[in-house]
Amino acid sequence: MEKKKSNFWGNLLYGFTTGVTIGVFVSLFVNVMLKTDYYSPATPKLVESLGSNLSTLVNFLLYGVIGIVSVFSTSIFNIESLSLLTKTILHFLVVQLGVFLVSLVLGWVESYFIFVLPISIVIYITIWLVIFLQQKKDIKSLNDGLKEKKQK
Amino acid sequence: MINLQITYDNEMDRETVKIITKEENTLIADLSKFLTEYKHDCLPLYKGTKLFVTPIKDIYLIRTDKNKLCAFTKGEEFSLNYRLYEIEELLLSFGFVKVNSGEIVNINKVTNFDLGEVGTIIINLDNSMVCRASRRRIKSIKKYLGV
């Protein structure tokens with residue numbers, strides 16, 4: 001009755017387009033930071049081996065794959081038997097494994113360890129802290145509501 | 001299956017249920033016990049095959065356990081012949097709220113809410129039982145409590 005029908009194809013499309021969009025912006029940002037003469041999402045090594053067009057296509061497809069992994073792995077948060085901390089760690093590991101494998105294929109493993117991983121850790125800790133503080137607030141309001149109800 | 005016949009009679013001054021059976025059996029025994037003890041605020045609970053018509057206000061928690069529904073009172077455990085969604089609807093007006101996918105809690109029997117094992121909300125009940133509220137259910141608990 002309460003089970004929501006999961007929209008597989010919708011999630012797939014949403015994950016893919018979001019992944020590509022974010023990937024394009026991140027690669028554009030990296031190009032700007034590196035002051036390149038022209039935009040290329042691929043590393044020079046990948047462009048050399050696959051050519052400009054194919055390397056760009058591979059990059060975009062794999063950005064999409066990261067997006068798909070991120071979207072589908074959020075279902076981990078629906079497992080009620082796990083604590084929030086376990087679910088967050090599990091989600092982090094799944095997403096990071098995906099990103100790491102993509103970085104291996106696209107040839108930016110070094111950047112993954114220097115930038116992507118540390119930034120991801122900071123983001124996860126921040127999100128987790130926000131949820132944790134929200135729960136503390138929830139508990140306070142629940143106990144206040146309970147106290148009030150019992151006094152009536 | 002029981003053949004159910006309802007007769008409406010304006011002359012009747014008190015509702016009467018008449019059971020016609022070939023022989024006495026547990027179904028008839030349960031039915032007659034339930035009907036004689038029936039009140040709108042009671043539920044038929046079982047311990048083994050024995051029926052207990054229990055006031056709903058005495059139930060603390062209803063939990064699914066291996067596809068079976070269990071009801072917990074102050075110190076006893078019973079089984080129920082309902083589905084979780086049926087009992088959820090039935091007990092809504094009695095202060096019961098679904099707190100996770102498998103448990104319905106009588107909010108009037110809650111001692112307090114607590115932050116349990118990192119990232120979970122624990123519900124402590126007056127009979128020392130503990131259950132966990134899922135994040136998505138917090139909204140409905142808050143709604144019931146008016147916060």
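Before sorting any lining, I noted the classes: Ala, Val, Leu, Ile, Met, Phe, Trp, Tyr, Cys and Pro count as nonpolar, Asp, Glu, Lys and Arg as charged, and the others, Gly among them, as polar. This is a predicted model, where local features need pLDDT of at least 70, side-chain atom pairs count only at pLDDT 80 or more, and totals for chains, interfaces and linings use all residues. Residues are numbered from 1 along each chain as its sequence is written, chains are lettered from A in the order in which they are written, and side-chain values use heavy atoms, with hydrogens and water left out.

**Pocket**

I looked up the second largest pocket and found a volume of about 1100 Å³. Here a pocket is an open set of points on a 1 Å grid over the protein atoms alone, where a 1.4 Å probe fits, with protein on both sides within 12 Å along at least five of seven lines; lining residues have an atom within 4 Å of a point. The volume is the space filled by probe spheres set on the points, which are joined across faces, edges and corners. Of its 23 lining residues, Leu4(B), Gln5(B), Thr16(B), Val17(B) and Lys18(B) are the closest to the centre. I sorted the lining into 13 nonpolar, 5 polar and 5 charged residues.

**Chain A with chain B**

I found 24 residues of chain A and 30 residues of chain B in the contact (heavy atoms within 4.5 Å). The buried area is about 2400 Å², with 58% from carbon and sulfur atoms; it is the accessible area (1.4 Å probe) that two parts lose on being put together, summed over both.

I counted 1 salt bridge between the chains (a side-chain nitrogen of Lys or Arg within 4 Å of a carboxyl oxygen of Asp or Glu). Asp138(A) and Lys142(B) form a salt bridge, their closest N and O atoms 2.7 Å apart.

**Within chain B**

In one of them, Glu76(B) meets Lys47(B) at 2.7 Å, N to O.
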